[in-house]
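Here are a few friendly notes to read alongside the model. Please keep the structure open and find each residue as you go.

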Amino acid sequence: MQRLDRYLSEAGVESRRKLKEIIRSGRVTVNGEICAVPEQKIDEQTAVVALDGQVIGRGDERIVLMMHKPAGCVTAATDDRYPTVMKYLPPEYKRLMPIGRLDLETEGLLLFTNDGDLAHRLLSPKRGVEKCYYAEHAGTADEEDVAAFAQGCVLKDGTKCLPAVLEPMGEGKSLVRVREGKYHQVRRMLASRNKPVSYLRRIAEGCLELGDLPVTMTRKLTDEEIEQLESVNFDEKFFKEN
Ligand code: URA
């Protein structure tokens, strides 16, 4: 048996102190009944605990969330100048960590997890997980730009990028597929072709697509999606050929 406030704090919902207030305000149910007593003992093996109607998993449950990150927030736990992505995480997920990052002004697919190993594996440059971005930029991308991306762009500071795919989509719009994550990479790649970016959104990562998830919203990945994510393998062919 375990105290309700301890159960929720171990699930990463909030600090014990804040949880006491949350529980007392009647936002928590145990097996469908409101329980406003933080010290209430519950059977942590069988109890169904929910906050604002959302069931809270025990600490050992692996969670992966997808967020549609808005522009104007940084991918960090705290920041002195800007709001952070944590602002958009539902309260029960405040302790999750982002997998990788998107710039302040970039929107789109951002994953969070409580599984440090999974985060590490997905971020490993050796895996080369493909990320797809929709970009709006100055000018119109042409065959020369496509070839430069395929060869590996040389950024304005001389940095050489791995080969990437540029798909022009008409005037001032392109899709960009990259397998690495240098600082401001897509913006700098397009800038190296004199096509500064005015809008950038990540629309896919590995097998996952942002789809129609509304901006600022999050959703939990299904077990099947997590399995697919885990099975993304180091693409040897890609790295050998290039
Ligand atoms: N490339 C960028 O320029 N910004 C991002 O946030 C991600 C990729």
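This is a predicted model: local features need pLDDT of at least 70, side-chain atom pairs count only at pLDDT 80 or more; totals for chains, interfaces and linings use all residues.

1. Sorted by class, the ligand's shell holds 4 nonpolar, 3 polar and 2 charged residues. You can look them up by name: Leu102, Asp103, Thr106, Tyr133, His184, Gln185, Val186, Arg187 and Leu200. Helix H5, residues 185–192, supplies the largest share of this shell, with 3 residues.

2. Next, pick out some individual atom pairs. The side chain of Thr106 has an N or O atom 3.2 Å from an oxygen atom of the ligand. With His184 it is a backbone N or O atom that lies 3.3 Å from a ligand oxygen. Val186 also uses a backbone N or O atom, this one 3.1 Å from a nitrogen atom of the ligand. On its own the ligand would expose 240 Å², and the protein buries 94% of that.

3. Which pocket does the ligand take up? The ligand's space is the largest pocket.

4. Now zoom out to the whole chain. Of the 242 residues in the chain, 44% are buried.

5. Is Asp145 buried or exposed? Asp145 counts as buried because its relative accessible area is 2%, and the cut-off for buried is under 20%. You will find Asp145 in helix H4, which spans residues 143–151. Its side chain makes a polar contact with the side chain of Arg193, at 2.7 Å.

6. Please also check Asn194, in the loop between H5 and strand E13 (197–205). Its phi is near 60°, a positive value in a residue other than glycine. Asn194 has a relative accessible area of 59%, so it is classed as exposed; the cut-off here is over 50%.

7. Why is Thr216 called partly exposed? Its relative accessibility is 27%, and partly exposed covers the range between the buried cut-off of 20% and the exposed cut-off of 50%.

Key
Residues are numbered from 1 along each chain as its sequence is written. Side-chain values use heavy atoms; hydrogens and water are left out. A residue is near a molecule or strand if one of its heavy atoms lies within 4 Å of it. A polar contact is a pair of N or O atoms within 3.5 Å; within protein, one must be able to donate a hydrogen and the other to accept it, and residues adjacent in sequence count only if both atoms are side-chain atoms. Accessible areas come from the Shrake-Rupley method with a 1.4 Å probe; for residues, only the protein chains shown count as cover. On a 1 Å grid over the protein atoms alone, a cavity is a set of points where a 1.4 Å probe fits but cannot get out, and a pocket is an open set with protein on both sides within 12 Å along at least five of seven lines; lining residues have an atom within 4 Å of a point. A molecule sits in a cavity or pocket if more than half of its atoms lie within 2 Å of its grid points. Helices (H or I, at least four residues) and strands (E, at least two) are DSSP runs, numbered from the N terminus. Ala, Val, Leu, Ile, Met, Phe, Trp, Tyr, Cys and Pro count as nonpolar, Asp, Glu, Lys and Arg as charged, and the others, Gly among them, as polar. Buried means under 20% relative accessible area, exposed over 50%, partly exposed in between (1.4 Å probe, protein chains only).
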